[in-house]
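I opened my notebook to record what I looked up in this structure. The entries follow in the order I made them.

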Amino acid sequence: MTERAAFPSSPFIQRSDARRDVDVVVIGAGAAGIGAAREALARGASVRVLEARGRLGGRAFTDQCGGVPFDAGAAYVHYADRNPWVGLAAELGIALEPHRGWGRGVPFRGGVRLPEQDRQERMRASERFWQLLYGTSEGRDLSLADLVRGEADTVGEAARRYGEQAIGEDPERIGVADLRQLWEGPDKTVPGGYGALVAAAGAGLPITLNAAVRRVDWGSHGVVVEGPAGSIRAGAAIITAPLGVLASGSIRFDPPLPPATAGAIGALRMGALTKVVLAFDGERFGWPSPSDLYPLGTGFNLEFWPFNRDIVIATIGGTQARDLVRLGEESAAAALLDVVADIVGSEARRHVTAGRLADWVSDPCSRGAYSYAPPGAAGARAMLAEPIGGRLFFAGEATSGGADTVGGAMTVGGALIAGQIAAQQACARLRVGEQASSV
Ligand SMILES: Cc1cc2nc3c(=O)[nH]c(=O)nc-3n(C[C@H](O)[C@H](O)[C@H](O)COP(=O)(O)OP(=O)(O)OC[C@H]3O[C@@H](n4cnc5c(N)ncnc54)[C@H](O)[C@@H]3O)c2cc1C
């Protein structure tokens, strides 16, 4: 992937600057890194992207279970009315579909389908939960669990389900101030895979795979980034490695990051949204495509036959997801098969053909699903997005841009925007496109 024909270089840049190999080095080739690289190249910068994995897309990844494609990470194009992936998909000729809408899921308990009245009651409880989340505002930041304290049990369950299934975390740990910043809007889906869309946007960029950055030296002129791809000197580094990776310390910064940035990394946390998938031989047990089933008390949300494919995708989040991941793929698939068999009958066991676990929790390239802010930490995203020394720019779903744009946090759209903003800032700082930088 060395072509860059689609991204013209500026005649104003001195490529021969002896102190740097490229203007901008981008760490990570997920949505943010791809967005940053495209933006910097479009502005005339010379760019090199270093990616730890052997593939593009990061947490947007279209994997397979028994040969059937599914999105192991991001699947929904959230707030599609303003999500830049909608335009990019059109540009790339990739089809999107409107999402059928949430709230139609069929609740089960102990394998028994609950009456319609129960579903209606849960819908009302959800509405009450949304009203509490968006319709009220306390002086201090609360946890999601505290927000619903004293409410009916069903409202507490709605908060737990939202925490686990949307944020990947237990409601006791999630701060509501951060959630209130998030953009709302209609969702779209990508039949060909959100991961495939993100990877398509990265095709042709100057990306080196299997090149995990281990050290970023930003002590003197510009930056020097070190890893298996060697030492690369650049005017600026855009760092899009996930928050969990930054918090693990697996990338060393010399000198250490300023206290405000280090504090922001320490204040935010990674949730643990996880997917388990089963493939079947074509038997659909009477359920149409697609069907959402909520087996209450199991921690799983189930989607039967997405895009008319012979798979069941289960999502699970928070402590239950961490416990499941520790058991490994085989046990996770067996646990899901038990839940499916409770609902459709033991014949499920005869028709299952494969199982898959998407483990973002122990993956050293993600170390969690996506970021959330505990109570009191809502300002940490904007803090992390603050450029450092005119040459380090953190970008990704955890920053989602900066003070005014954190609404896209946790999402692929927000990551792309964050990457674009970081590239604009880096190029402005290096005066790319105007004249050669003296940095
Ligand atoms: C299960 C799950 C479901 C989700 N569902 C949705 C959804 O429906 N809609 C949505 O919008 N979002 C969803 N998300 C969140 C979304 O996937 C992320 O917000 C987004 O993909 C993050 O993009 P990013 O570029 O910030 O980070 P990443 O995609 O993680 O990219 C960072 C890149 O950095 C690389 N890297 C790590 N360490 C190094 C290193 N040392 N050197 C070089 N490279 C390194 C990684 O390999 C990775 O490719 C989901 C996530 C998960 C896990």
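I began with a proline: P255 sits in the loop between β14 (252-254) and α9 (259-267). I noted that this is a predicted model. The peptide bond joining D254 and P255 is cis, with omega about -5°. I checked for another such bond and found a cis peptide bond between S289 and P290, with omega about -15°. P290 also has its place in a loop, the one between β16 (274-280) and β17 (291-296).

I wrote a reminder to myself: most residues other than glycine have a negative phi, and most peptide bonds are trans.

Next I looked up phi. N308 is not a glycine, yet its phi is positive, about 60°. I placed N308 in the loop between β18 (301-304) and β19 (311-316). Is N308 buried or exposed? N308 counts as exposed because its relative accessibility is 51%, and the cut-off for exposed is over 50%.

M410 was my next stop. Its phi is near 80°, a positive value in a residue other than glycine. M410 lies in the loop between β22 (392-394) and α14. M410 has a relative accessible area of 11%, so it is buried; the cut-off for buried is under 20%.

## Around the ligand

A backbone N or O atom of M410 is 2.9 Å from an oxygen atom of the ligand. The protein covers 97% of the 1,000 Å² of accessible area that the ligand has on its own.

A backbone N or O atom of A75 lies 3.1 Å from a ligand oxygen atom. For H78, a polar side-chain atom is 3.3 Å from a nitrogen atom of the ligand.

How many residues surround the ligand? I recorded 39, and the closest are A32, E51, R59, Y76 and V213. By class, this shell has 26 nonpolar, 9 polar and 4 charged residues. Helices came up too: α1 (31-42) and α14 (412-430) each supply at least two residues of the shell.

## The nonpolar cores

I turned to the interior. In soluble globular proteins, nonpolar side chains tend to be buried together.

Here the largest nonpolar core has 40 residues. Which of them touch the most other members? I listed V24, V47, W85, Y194, V198 and I238. The elements that each supply at least two residues of this core are β1, α1, β2 (47-50), α2 (84-92), α7 (194-202), β13 (230-239) and α14. α14 gives the most, with 9 residues.

Not counting residues up to four places away in sequence, Y194 touches A60, T62, D71, A74, A75, Y76, V77, N83, W85, V412 and G413. A second, separate core holds 33 residues, including L50, V216, L243 and L246.

V26 came first. It is found in strand β1 (residues 22-27). Its relative accessibility is 0%, so V26 counts as buried. Leaving aside neighbours within four places in sequence, V26 is in contact with G33, A36, A37, V47, R48, V49, L50, I238 and T240. I also looked up V26 against A279: they are 253 residues apart in sequence and 37 Å apart in space, C-alpha to C-alpha.

Then I took S366. Its place is in the loop between β20 (352-358) and β21 (371-372). Is S366 buried or exposed? S366 is buried, because its relative accessible area is 0%. A polar atom of the S366 side chain lies 2.8 Å from the backbone oxygen of W360. W360 is also among the contacts of S366 beyond four places in sequence, together with R53, R59, P242, G244, V245 and M270.

I ended with T154. It lies in helix α5 (residues 153-167). Why does T154 count as buried? Its relative accessible area is 19%, and the cut-off for buried is under 20%. Leaving aside neighbours within four places in sequence, T154 is in contact with E121 and A125.

Key
Residues are numbered from 1 along each chain as its sequence is written. This is a predicted model: local features need pLDDT of at least 70, side-chain atom pairs count only at pLDDT 80 or more; totals for chains, interfaces and linings use all residues. Side-chain values use heavy atoms; hydrogens and water are left out. Helices (H or I, at least four residues) and strands (E, at least two) are DSSP runs, numbered from the N terminus. Buried means under 20% relative accessible area, exposed over 50%, partly exposed in between (1.4 Å probe, protein chains only). Contact means heavy atoms within 4.5 Å. A residue is near a molecule or strand if one of its heavy atoms lies within 4 Å of it. A polar contact is a pair of N or O atoms within 3.5 Å; within protein, one must be able to donate a hydrogen and the other to accept it, and residues adjacent in sequence count only if both atoms are side-chain atoms. Accessible areas come from the Shrake-Rupley method with a 1.4 Å probe; for residues, only the protein chains shown count as cover. Ala, Val, Leu, Ile, Met, Phe, Trp, Tyr, Cys and Pro count as nonpolar, Asp, Glu, Lys and Arg as charged, and the others, Gly among them, as polar. A nonpolar core is a set of buried Ala, Val, Leu, Ile, Met, Phe, Trp, Tyr and Cys residues joined through side-chain atoms within 4.5 Å.
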